[in-house]
Amino acid sequence: DDRSRPRQLAFRGGRRHCCLLVASAVPGEGASTVARNLAVALGASHRGRVVLVDANLRSPSQHEFFQTGTADGLANVLSGAITPVAALREVPGFGIAVLPSGRPADNPPHLQTVSALQGVVTALHSQFDWVVLDGPPVTTYPDASSLAVVADGAILVLRAERTRWEVAERAMKVLNEAGVALVGGVLNGRKYHIPEFIYRRL
């Protein structure tokens, strides 16, 4: 829903291109939905061309939502089988392009080296103004750090009333050590325990 969309992306400043990583602290917090909503919102804003990259190779989902299939995608690009441009899928109804995960990889961390990922992002920037990376949980899988290194900023997704503060703190530490700017957070699944009109009066 609209509450899962970050409010501002002013950090971009005057840059021509921008790469954003959207990732959760642990699995099941809704990072893929947030990444998808962010990409579609950017596409609708007419602020430039947008590509959504499904970089969660262990648990991909964008190919199901956009019905792109997984015959070729990021895993195939990282293994050197095809180019990033050849793996792109245009989804005109949403105003964006999608680079799906591709065929499941036996060893994602081996594929997702910083140099390989940087090459993909650089190639995508030749055609797109915004690259949105749907990444794996940052406290669970080491390849999230490689994605953070190549991103200009990161958005951390947390599940309301479920993610422990210690886990959130550890996720922020992982991103900080990767040298990426944490530009925002999304509290997913927030529940309103009192009527909304009372919140408006507070």
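User: Is F94 buried, partly exposed or exposed?
Analyst: F94 counts as partly exposed, with a relative accessibility of 35%. Keep in mind that this is a predicted model.
User: OK. How many aromatic pairs are there in the whole structure?
Analyst: Searching the whole structure turns up three aromatic pairs. One of them is F65 with F66, an edge-to-face pair with 4.9 Å centre to centre and 80° between the planes.
User: And how exposed are F65 and F66?
Analyst: F65 is partly exposed at 41% relative accessible area, while F66 is buried at 7%.
User: What about the rings of F65 and F94, how is that pair arranged?
Analyst: Their centres are 5.7 Å apart and the planes are at 55°, so the F65–F94 pair is tilted. Edge-to-face would need an angle over 60 degrees.
User: Where do those two sit in the fold?
Analyst: F65 is in helix α2 (residues 62-66), and F94 is in the loop between β3 (89-91) and β4 (96-99). The pair therefore ties together parts 29 residues apart in sequence.
User: Which residues end up in the cluster?
Analyst: F65, F66 and F94 are linked into a cluster by ring pairs.
User: Which ring does the charged end of R36 sit over?
Analyst: That would be the ring of F65, with the charged end 4.1 Å from the ring centre.
User: Switching topic: what's the mean pLDDT?
Analyst: The protein's mean pLDDT is 83, and 80% of its residues reach 70 or more. Over residues 1-8, though, pLDDT stays under 50. For that stretch the model has 13 contacts beyond four places in sequence.

Note on methods: Residues are numbered from 1 along each chain as its sequence is written. This is a predicted model: local features need pLDDT of at least 70, side-chain atom pairs count only at pLDDT 80 or more; totals for chains, interfaces and linings use all residues. Side-chain values use heavy atoms; hydrogens and water are left out. pLDDT is the predictor's confidence in each residue, from 0 to 100. Contact means heavy atoms within 4.5 Å. Rings of Phe, Tyr and Trp (its six-membered ring) pair if their centres lie within 6.5 Å; planes under 30 degrees apart count as stacked, over 60 as edge-to-face and the rest as tilted. Buried means under 20% relative accessible area, exposed over 50%, partly exposed in between (1.4 Å probe, protein chains only). Helices (H or I, at least four residues) and strands (E, at least two) are DSSP runs, numbered from the N terminus. A charge sits over a ring if NZ of Lys or CZ of Arg is within 6 Å of the ring centre and within 35 degrees of the ring normal.
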